[in-house]
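Keep the sequence and the 3D view open as you read.

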Amino acid sequence: MSPRLHPSVENGPADAGFDAALVAAVLDDALAADARIYAICGLQGSGKSTLAGQVAALARRRGLSVAVLSIDDFYLGRGERLRLGRAVHPLLATRGPPGTHDLALGCEVLDRLRAGEPTHLPRFDKLRDTRVSPSRWRRIGPVDLTVFEGWFLKTPAQDAAALSAPINALEREHDRDGVWRAYCNQALAQAYPALWSRLDRLLFLQPPGFEIVAEWRWQQEQAMQAKRPRRQAMTREQVERFVSLFERVSRQALAELPGIADWTVVLDEGRRVV
């Protein structure tokens, strides 16, 4: 049964941080379930990283040791993806979709954290588009809780028939024969369940629909640009094209995760809990 939320949860916009009552409810949910690996899933821009950080901060204030990881930390490096792009399909050179993660490393790291062993936490440098050298990974001791966030956690594969028709312009123009989407779907079906099996409990931040994702991602882009004026920012058109890489799996997540997640938190267009 989902935890009951304090009425004030309804008033907290995610861009300023989620309401303290929701943060406390999430941590209480993890502790009540004795979850060593607590997963937070949300589409791009939903606030999953913000919520994960807030939960970790509250846990530390309560005297717990916590690790925070993202599925983004396990991206294949640029060189590995370029080789994959040449061998299978050019779109696989772009990080993010299923098939572009080092799942063996992900399983190894989560297993060490679960076992209470000292662990080096991988980190991916998104500006350089490659994984940080292992010599620079942060080493942490045993932890009481790991918060693991990502945009498609536990999303199941689609039926093969659903792959036949392109879902957007990107697929029509760059994946006419369906090789890329079939590869990503096969990875979801065969490779990712091993990682999903390490997740003890799943919270899904459900947006009002896929259409809001591009707007949320554009807001993120503008915020990052304000913080780093010298950074090469994406245009609105580039953001929309980037988001289209994730549309198929995002729509699958929207359709399936409310029935899979242990707890679904519904968000409105302002990322407020409804």
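How many bridges join strand S1 to strand S7, and which way do the two run? Five bridges join S1 to S7 (residues 145-150), and the two strands run parallel. Before going further, please note that this is a predicted model, in which local features need pLDDT of at least 70, side-chain atom pairs count only at pLDDT 80 or more, and totals for chains, interfaces and linings use all residues. Residues are numbered from 1 along each chain as its sequence is written, and side-chain values use heavy atoms, with hydrogens and water left out.

**Strand S1**

Helices (H or I, at least four residues) and strands (E, at least two) are DSSP runs, numbered from the N terminus. Two strands pair if DSSP finds at least two bridges between them. S1 also has a partner in strand S8 (residues 201-206): five bridges join S1 to S8, again in parallel. Within these pairings, Ala39 stands opposite Phe148 in S7, while Cys41 stands opposite Phe204 in S8.

S1 covers residues 37-42, and six of its six residues are buried. Buried means under 20% relative accessible area, exposed over 50%, and partly exposed in between (1.4 Å probe, protein chains only). Ile37, Ala39 and Cys41 point one way from the strand, and Tyr38, Ile40 and Gly42 point the other way.

**Arg95 and its neighbours**

Arg95 is in the loop between helix H3 (78-87) and helix H4 (103-114). Its side chain makes a polar contact with the side chain of Asp129 at 2.7 Å. A polar contact is a pair of N or O atoms within 3.5 Å; within protein, one must be able to donate a hydrogen and the other to accept it, and residues adjacent in sequence count only if both atoms are side-chain atoms. A polar atom of the Arg95 side chain also lies 3.5 Å from the backbone oxygen of Lys126. Leaving aside residues up to four places away in sequence, Arg95 touches others (heavy atoms within 4.5 Å), including Tyr75, Phe124 and Phe246.

**Aromatic rings**

Rings of Phe, Tyr and Trp (its six-membered ring) pair if their centres lie within 6.5 Å; planes under 30 degrees apart count as stacked, over 60 as edge-to-face and the rest as tilted. By this rule there are eight aromatic pairs. Two of them are set out here.

| Pair | Centre distance | Plane angle | Type |
|---|---|---|---|
| Trp151 and Phe152 | 4.7 Å | 50° | tilted |
| Phe242 and Phe246 | 5.0 Å | 70° | edge-to-face |

Trp151 is buried at 5% relative accessible area, Phe152 is buried at 0%, and Phe246 is buried at 3%. Ring pairs link Trp151, Phe152, Tyr192, Trp196, Phe242 and Phe246 into a cluster.
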